[in-house]
Each structure stands twice: as structure tokens, then as C-alpha cells.
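Hi everyone, thanks for coming. Let me put the model up, and then we'll walk through a few spots together.

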Amino acid sequence: MVTQYKNLINGEMVDTGQWLDVVNPATEEVIGQVPSCGKDELDKAVAAARAAFKTWKKTPIEKRREAIMAVSGAIKENADELYRLLTSEQGKPHQQAQQEIYGAAGISAAQATLELEDEIIQDDDTRLSRHRRVPVGVVGGIVPWNFPVMMAIQKIVPAMLSGCTIILKPSPFTPLTTLRIAELIADKVPAGVVNIITGEDDLGPMITAHPDIDKITFTGSTATGKKIMEGASADLKRITLELGGNDASIVLPDADPKKVAEQLFWSSFSNAGQICIAAKRVYIHEDIYDELSEAIAEYAKNVKVGDGAQQGTGVGPIQNKKQYDRVLELIQDAKDNGYKFLLGGDADPSGSGYFVPLTILDNPPEDARIVAEEQFGPVMPLMKFSSEEEVIAKANNSEYGLAGAVWTANPEKGVEIAEQLETGTVWVNEFLHLSPFAPFGGHKQSGFGAEYGTEGLKEFTYPQVITVKKDNVPA
Ligand code: NAD
């Protein structure tokens, strides 16, 4: 019998008697089961969160920080067990799963130090006016399957710190590690402050529509983000949306191909390309295009695609069948259109596991589906450019605006180009680096609002201004 993982509601680990299977994407075997929740369980979780909010919002922030540190400690102390479980449900290689688990523990601890200090707006003979931030209330957190633990923590920690309580819903594809963490923290966080419930995709809209939830914080696709915004409009819930991306990397002619090839490879292929901020379009100046594209393809030939639990695996499977079919469809479309492949292009769907060979395309056109759409798979289209104006226009020619990068021997030039990109984050000479103290959010259809830093924390609060009129002011 497979292990059954329970939900966390009001401080108790509970189930519904109805179970959903969770599959290992490397083997397609069922590795665990989680409760299938509906409206009744959601109502219980919301009632628990609402009751806990009354006291949690008044709990001194130092106590709230202590509870977050207990969550961080529980993740760190159990990291060995957690990263193996994460690999088995998500597919990412052990080393990348370790980074996610330790990253989640580290980011929790770092975010616990954030401050939202009161601001004196006016203090003179007439008035004392103070701006403070108050928690919005009960939060619904909805997360995807690519970084299930990091995304869950990204929602839970700022909710706790701000004085909110939360109901978190993991993706039905990757709920196991999050529910194991729920079990580990059940006695470390006051009952009702953090509730974690699982269900199928219909549980998401129930959360968005719930009249006693005050805010939705969501990470996932742009299509779902739009539905959430629509659903949340009924009672004007506050929303934070972290959505899809089609990030461009721009390699200037002065970049050293030997130095950047490996980093560029991993910027596209980490987590099998299933990262919102992966480089999904790589523009290389024509002067170094041949040398650099060859160096990337050569590096790729030595990276093993396989089960993330096996030693030596660099790139794991696609996380689920639906996404696997979508990536294969985009590759097939590229083949049907006669685009040139430097590597890959031939998946074998007959075996077990959702494996896609590392696929590098040689200068496909801008309107190719594999360039214009978010691939979210181990696919790297390399495109030639000849002028800065041209490449900036191409990079910005997207409905998305999440992140981007510039690679150059001249950091000042890199910054000059970065400032012209229409994205929330731009790196010069690196990729995928996020700070818990810097706001992270998308421009255009990549998001709404931000996470991380005080800006992200503020999204869990309302502004409140208290003004005291002084006696000496005539009525
Ligand atoms: P998804 O939108 O299909 O699902 C995300 C979550 O929403 C899941 O928990 C799902 O059960 C739930 N959901 C589905 N339909 C819903 C609805 N109608 N209402 C409410 N909830 C609903 O996304 P996914 O396929 O799990 O994740 C991949 C996407 O996430 C990619 O587009 C990727 O770029 C994006 N992503 C963005 C960021 C970011 O920070 N911007 C980070 C990671 C992933």
C-alpha cells in the first residue's frame, strides 16, 4: 500500500476518506495518495483560519517570527527526507531538490527578519498622523508543480509574518512534500494559522470564490491567473499573481563563449526548463553565434537526462503527462516547419517516464510556436541578431514580462540594455538569482503585484492611517 499523506486543518492532520493518486514522473508509478477535499473541508479550513486570525493578528511580531523560524528549522532538520520525496514527486535531480529544500528553509529565515515599520506622515502643531500596515485577514494560497515547496513557503511565510492566516492548496501533481512539511510543523504553529488542503483543480476556483477569504496569492499560468482575477472580482479580494514568462537572454558580441556556454545551458535546462524565469529565448550576436551555439550543444551532450534519483542525472523528466504532451507538440511543430535542430528533437514516448531529450534549435524564426510560446520544457531556441535596437525590440515583443538577462564583458553596457527591457527582473551576467529582500514580480501578463522584500510583505496588508487632531486647532 502506498503512503497516505494527510491535510493540515486547525492544527490537526486529517483526511476525507477520498484519495487522489500522486505519480512519480520518472517511472509513472503511484508513490502516494492525498485527500480529495471539496467545499466542506474548505469551509472547515476557512473557519479555522478565521478564528485563528483574531488572535494571530494581535500576536507580537517577535512571536510570529519565532513560529516562522520553527517552520524553517523543521524543514532544515528534515532536509534529507524531504529532498528525496521532492525528487520522487517532482522529478528534479537530487541536487536541485536539495537546493529547493534548503532554499525554502533559508528564505523563510531571511523573510522572518523583514520589517513593516509605521511611518509618521505628519507631526506638527495641528495633527499627529501615522501610517501603519494591518493584515488583510484570511489568505488563500494556490501554487504550481515546478517548485512546490519553495512556492508554498513563499506564500506561507509572509502571510504568517504580516499577521494573516492562510489556507494553502498545492498542485494536485506535487502535494506530497508540502503535506509532509505540514505534519512536521503542525505542533509548531498555532492551530488554524497555517492550513494545507489538497484536491483537484476544482478546489482552486472554490478558494477564489470563497466569501470568507480576503486575499488570493497565486503562482501558476497566465491563463489560470486571469480566471483568478475574474473570480476574485466578485467581492474585490486582494490578489497577487505570479504568472508565466518567456524570458529572453541577450548575448553581446564581447561575451566570451567559453565562459558563458555552461551558464547559458543551465539557465534554460535547470529543472528540465520548468522554471518561470528560465531563459526560453536566447539571442546571440551574429559575430559569436556559431562558436557559442556549438559550445552550448557540446556541453549539452555530456549532460545526462534521467531519473532524478539516480546519481549523475543532470536533467530529470517533465513533471506531468499534460505538460509532456505539450512540449512534444511544440517540438513536433518545429519539425513540421523544417526548423533546424542542433540537438534533440526526437522523444520516445513509448518508454516509462516523461523524458524529453535536451533540445536546442538553430535560429528558428521569431513567430515559431517554440519561440513565441512559453515552452516550459528542456528546449532552448538560439537566435541570431545583429544590432542592439533589433534585439531589444525582439526581447520586448512578448505578452510576458517576467525576467531577462544580458551577457557581456562590459557590465555598464549590460545595465544600459537591461534598463530597456520590459520585465520585472533583469540580470547582467547571471540568471535565476532571486533575493528574499528584492521585490519579484512580472510586468505585462507575467503578473500582478510582487513577492519578496517589504514590497511583497505589504501585499498581505492594508494601509491604515490614524490621524489625531491636536487641541490647539480651531474647529
Ligand atoms: P496552473 O495555472 O495550471 O496551476 C497552478 C495552480 O492553480 C495549481 O495548484 C492548480 O490546481 C490551480 N488551478 C488550476 N485551475 C484553477 C482555477 N481555475 N482557479 C484557481 N486555481 C486553479 O499552472 P501549472 O501548470 O501548475 O504551473 C506552470 C505555470 O506556472 C507556468 O506558466 C509557469 O511560468 C508559472 N509559474 C510562475 C512563477 C512565477 O513566480 N511567476 C513561478 C512558477 C511557475
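For the cut-offs, buried means under 20% relative accessible area, exposed means over 50%, and partly exposed is in between, with a 1.4 Å probe and protein chains only.

Before going on, some housekeeping. This is a predicted model, where local features need pLDDT of at least 70, side-chain atom pairs count only at pLDDT 80 or more, and totals for chains, interfaces and linings use all residues. Residues are numbered from 1 along each chain as its sequence is written, and side-chain values use heavy atoms, with hydrogens and water left out.

Okay, back to R369. Its salt-bridge partner is E373, with the closest N and O atoms 2.8 Å apart. By salt bridge I mean a side-chain nitrogen of Lys or Arg within 4 Å of a carboxyl oxygen of Asp or Glu. The idea behind it is that side chains of opposite charge can pair when their charged atoms come close. E373 is partly exposed too, since its relative accessible area is 25%.

Another pair is E422 and K444, whose side chains meet in a salt bridge at 2.8 Å, N to O. E422 sits in the loop between α14 (411–418) and β22 (425–428) and K444 in strand β23 (residues 443–444), so this pair ties together parts that are 22 residues apart in sequence. Helices (H or I, at least four residues) and strands (E, at least two) are DSSP runs, numbered from the N terminus.

How many salt bridges does a search of the whole structure find? The search finds 27.

Now for the records. In the model, E242 lies in strand β12 (residues 238–242), and E242 counts as buried because its relative accessible area is 3%. As for residues 19–465, the span is 40% helix and 22% strand, and its end C-alpha atoms lie 48 Å apart.

That's my tour, so over to you.
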